[in-house]
Amino acid sequence: MTDELLYDIAGSVATITFNRPDRMNTITPTMLSDLSRRLLEADADVNVRVIVLTGNGRAWCAGLDVGAAASGTGIGGDGGAGATGEFDLRNAPPVVLNKIDTPTIAALNGGAAGYGMDLALGCDIRLAASNAKLSAAYTARGLVPESGGTWLLPRIVGWSKAAELLFTARTLTAPQALELGLVSQVVDADQLAATTAALAAKIATNAPLAVRAAKRLMRHAMTEGLEDHVQRQYLALLPLFGTKDFQEGLASFLEKRPPSFNGE
C-alpha cells in the first residue's frame, strides 16, 4: 500500500482517506488498486461494521488525474493504446463497492467529480460539507461515466434528472445535491467529521449480521420482482432467527436496555 490512500480502524469503523491533496485527490492506477484491496480487507474484518470514505484537503476526489492523462501518463494517457481488451471487472472499485456487505458512508469534505462522483454514488450513504460539490463533468471532457454513473444516477434521482445532469455536465452545490436526494445531509464543514462519526456509531450499534443482510437484500431488490424478492427475504430471515444477536435483540427490548450485539 502507498500513502496515496490512508487506512485506519477506530473501534468498529474503518476509514479510507484519499490522500493526494496537492492534486485534489485525483485517481491514479495505484490508488484504484489500493482502494479495492482496502474495501475488501475492511469487508472481511469481522470487527469492522462501517466503512467511511473521505478525502484529505479541500477535495473528496476530483476524478481521474486529467493533467497526467493530458501529458500522456496516468489513466487514459495513451488514448487506450495500452488496453489489453480485457477489463478486470471483479476488482474494479465501483463493482467492489457494490458487492461488499459492510455499510459505506461517503463523507464529502469537498468536490467529487467524474470518477470521484461515481465512487460517491456507489456508497450507501452520502454526507456533504456545505462547501462540497458534485460534478457530472463527463461529457464536458468527451467521456461518459466510466465507473457506474449511468447505472447509479437514474436509480437515485430518476431518469429525467439524471439525463439533465449527464447531458449538461452540470455541477451541483451541496444544497442542490440534498434537494435531489443525492446526499442525505449537508452540514457545516467543521461538523462533517463529527456527524459522520455519530452516524457510523449509530449503525454500528445495530446487529451487524442483520445490517449486512439488509444491504444484500436492497442490492438484490434493484433487479428482482416483488414475489422473487419476498422469497429471498424469507430465506434471509431464517438464519437470523438462530443467531445470538436475535436473542439479544429480544432480551434488550423486554428488559428495556440498549442491546449489545457481537455479530453471532
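**Exercise 1.** In this predicted model, determine which handedness the crossing of α9 and α10 has, and then describe how the two helices pack.

*Solution.* The crossing of α9 and α10 is right-handed. Next, take the geometry: helix α9, which spans residues 208-221, packs against helix α10, residues 226-241, at an angle of about 165°, and the two axes are 11 Å apart. Since angles over 145 degrees count as roughly antiparallel, α9 is therefore roughly antiparallel to α10. Turning to the residues, α9 contributes Leu209, Ala210, Ala213, Leu217, His220 and Ala221 to the contact, while α10 contributes His229, Arg232, Gln233, Ala236 and Leu240. Sorted by class, the residues of this contact comprise 7 nonpolar, 3 polar and 1 charged.

**Exercise 2.** Work out how the axes of α4 and α5 are oriented to each other, and which residues make the contact.

*Solution.* Begin with the axes of helix α4 (residues 115-122) and helix α5 (residues 149-157), which come within 10 Å and cross at roughly 50°. The two helices are therefore oblique to each other, and their crossing is left-handed. On the α4 side the contact is made by Met117, Asp118, Leu121 and Gly122, and on the α5 side by Gly149, Leu152, Leu153 and Ile156. By class, 5 of the contact residues are nonpolar, 2 are polar and 1 is charged.

**Exercise 3.** Decide whether Glu248 is buried or exposed, and list its contacts beyond its neighbours within four places in sequence.

*Solution.* Glu248 is found in helix α11, residues 244-254. Its relative accessibility is 15%, so Glu248 counts as buried, the cut-off being under 20%. With neighbours within four places in sequence left aside, Glu248 is in contact with Arg257, Pro258, Pro259, Ser260 and Phe261.

Note on methods:
Residues numbered from 1 in each chain as written. Predicted model: local features only at pLDDT ≥ 70, side-chain atom pairs only at ≥ 80, totals over all residues. Heavy atoms only, no water. Axes fitted to C-alpha atoms, helices over the stretch in contact; angles between N-to-C directions. Helix = DSSP H or I, 4+ residues; strand = E, 2+ residues; numbered from the N terminus. Parallel < 35°, antiparallel > 145°, perpendicular 65-115°, else oblique. Left-handed = near helix turned anticlockwise from the far one by under 90°. Contact = heavy atoms within 4.5 Å. Nonpolar A, V, L, I, M, F, W, Y, C, P; charged D, E, K, R; others polar. Buried < 20%, exposed > 50% of the residue type's maximum accessible area, 1.4 Å probe, protein only.
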